Amino acid sequence: MLNKYPLWKNALIVLILLIGGLYAAPNLYPDDYAVQISGSRAAYTVDQQMLNRVTKQLQAEGLVSKTSELNGASGLIRFTDSATQLEAKEAVSRILGDNYVVALNLAPTTPDWLTSVGAGPMKLGLDLRGGVHFLLEVDMAQAVAQRLDVYVGEIKAKLRAEKLRYRSVVHREDGSLELKFSKADVRDEASQLLKQDYTEFLLTDEDADGAYYVVVSLLESKVREIEDYAIKQNLTTLRNRVNELGVAEPLVQRQGRNRIVVQLPGIQDAAAAKRIIGKTANLEFRLEAKTDASSASTETYTFRDSSRRATLEKDIIITGSSVSNAQSTFDENGQPQVSITLDSKGGELMNRTTRNAVKRRMAVLFVEHKSRNIVKTVDGEQVTERVPYVEKHIISLATIQSILGSSFRITGLDGAGEASELALLLRAGALAAPIYFVEERTVGPSLGEQNIELGITSVQIGFALVLLFMLVYYRVFGLLANVALTLNLVLLLAVMSIMSATLTLPGIAGIVLTVGMAVDANVLIFSRIKEELANGLPPQSAINAGFERAFTTIFDANITTLLAAVILFAMGTGPVKGFAITLSVGIVTSMFTAIMVTRALVNLTYGGRTLNKLSI
C-alpha cells in the first residue's frame, strides 16, 4: 500500500526520537557558578565541616551561597551569579591559605535520573559561557640553570674519565660555571678537552689566589636554543596533561616569548585542572651519601613528614625527564606505588650507577617549583612581587638489592591519589622549565553577553520565519515539516551532547545554517509533489513520487556539503572546527528528519486514505 510505513519502521523512528529527547533534555538545566576547593597535596583533605566553616565566613562577608557539597576529594560551593562567584573565590583563598587549591568552576545541575543513563549537556565554548583560562609564564632563567646542572654532571664525569683532578665545579651568580684546579697544566688540559667536546661553550681561563679556573659560559645562540626548547617542551607537556584530563577542544598555545595560554572549554573540574597543569613537579634520583663524604659534595633533605632527614650526593643519576612510562599500582601489601619505565639513555645511566652501588640506598627526591606573592613598598606604593622558590622532599629511600635497569618501582607515596597524580605527571612528560600562573579566570563571553543573546535570538528568529513560511506556503504539509524541523533541532542537540561537543558562537551559526538546509529538503520534496499533481497523478501517487524522486537530489546536495564540512574540520582549528562539527551533525540529522520523519508524519496523516486533493 502506498504511503504506509511498516510498524517496525514507525517504531524505530519513535525510538530514535525518544532517545534524542532524553539526551537533549540536560541542555534545559543551566550550570551553577561555583567555587571548587581541593587540597594542594593528598595530606590536605576537604570535609563537610570545613565547607560549613567557609560558607559561614562567606555569609558573614555578604557572599551568600546556594549550596555546598562534597564531590570526591574536593568541595563545591554554588552561587547564583558570576560576580558573587569571583568575590567568593578571592575570599576562600584568603581564608584557607596556600595549602588548598581554590578554582572557579561551573557545576552541572542535571538531575540524577538523567546522568544515570549517561546524559549530559553540551559544553559551551569560551566565547559563550563555561571554561577556564590560564596564562602561564615560563621561567627561562631556570631553564638555562637546569641545563647547566646537566652539563655539571657531564663535565665531572668527563674529567674523572680523563683522570684530570679538579677541586670544585660551582655556579657563578652571572649564570656561568666555574671549574677550579690546583695545577695550571691540569687546568689547560681540561680547557682544551672541553673546547673539543663542547662547541656551545665560551671558555675563559683565569688565575686567582693561587688557584686556576676555567669559566664556562653558554653562547648566546645556545641560550636562545635552550629557551626555545623549554617553551616547546612545556607546550608538549601541557598538551599531554590536558589530554589526560579529557577536555574537549582545548587550546594550548604560545603567547609572546615566554608565556603560554591554556583554555579549557566546558571543564568540569577546574581545581584538578589547575593542580595538574600548574604542577611543575619532577623527580631526582640520587644515591645516599657515604659517611665519609665531604659536605661540599652532599646535601641534606627532609622526608615528606619532616620527621626524618637524609644526606644525599649532589650528583643526580637521572630526572623525571628520562621516564617513558609510569603507572600507579599497588604492592603485595596493598600500598600505593608507581611503576617506572625509563628510556634507553635513562636505563643506561641507572644501570651504570647501580652497578657499583648494590646494598647502598637510593633516594627519590620530589622537586616542586612554587611561587609566593610578597607585598613590597616601592616609592611609597605597595607592589606585589612574585618570588619563586623550590621545595624538595624525599619520598623514597630504599636499598638497592640488585643492579637496576629500565624498569623499577617508587614506593613511600602518600596515598593512592598521590601515586595516580605522580604517574600522570611523569607519563605526560616533565616540564623543561618551571611555569607560574600569571592569570586565572573563568572566561565569560569573549564577544560579550549581548552577542550571545543575539546569537541565540538569531536562531529563534530564523526558526520562526522558516516555520511561518512553511505554514503559509505549504499549509498542512508545511505544518508537518515544521514538526520535523523542531525534532531535527532536538536530535542535533542530543547528538552534540552525546559527543560531548563544545558549542561555540560559530557553532550557533552552524545551527542557523542547519535550519535552512533542513527545510530545503522539504521544499524540494513538496515542490516535486506539486509538479506530480500538476502532471495529473492522483494524490497518493504524487506523494510517493515526490519523496522517491527528490531523494537523489537531496542526497547529492547534502553529501557535497558534508564533504566540505569534513574538510573544514580536518584543516581548521578552534572556532572553525566548532562550526564544522555542528554543520556535519546538522546535515545527518536533517536528512533523517526531512526524509524519514516527515514521510512518517505524512503517512500518518494521508496514508491509506482516499484523497481527492491535497492541502499543499
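Me: What makes strand 17 and strand 18 (residues 336-342) count as paired?
Reply: Two strands pair if DSSP finds at least two bridges between them. Strand 17 and strand 18 are joined in the antiparallel sense over 7 bridges, and Thr-329 stands opposite Gln-337 in strand 18. Strands here are DSSP runs (E, at least two residues) and helices are DSSP runs too (H or I, at least four), numbered from the N terminus. A word on the source: this is a predicted model, where local features need pLDDT of at least 70 and side-chain atom pairs count only at pLDDT 80 or more, while totals for chains, interfaces and linings use all residues. Residues are numbered from 1 along each chain as its sequence is written, and side-chain values use heavy atoms, leaving out hydrogens and water.

Me: Why is helix 5 called oblique to helix 6?
Reply: Helix 5 (residues 140-161) and helix 6 (residues 184-197) pack at about 125°. Angles run from 0 to 180 degrees between N-to-C directions, with axes fitted to C-alpha atoms, for helices over the stretch in contact. Under 35 degrees is roughly parallel, over 145 roughly antiparallel, 65 to 115 roughly perpendicular and the rest oblique. That angle therefore makes helix 5 oblique to helix 6.

Me: Which residues of helix 5 meet helix 6?
Reply: Ile-155, Lys-158 and Leu-159 in helix 5 meet Ala-190, Leu-193, Leu-194 and Asp-197 in helix 6, where contact means heavy atoms within 4.5 Å.
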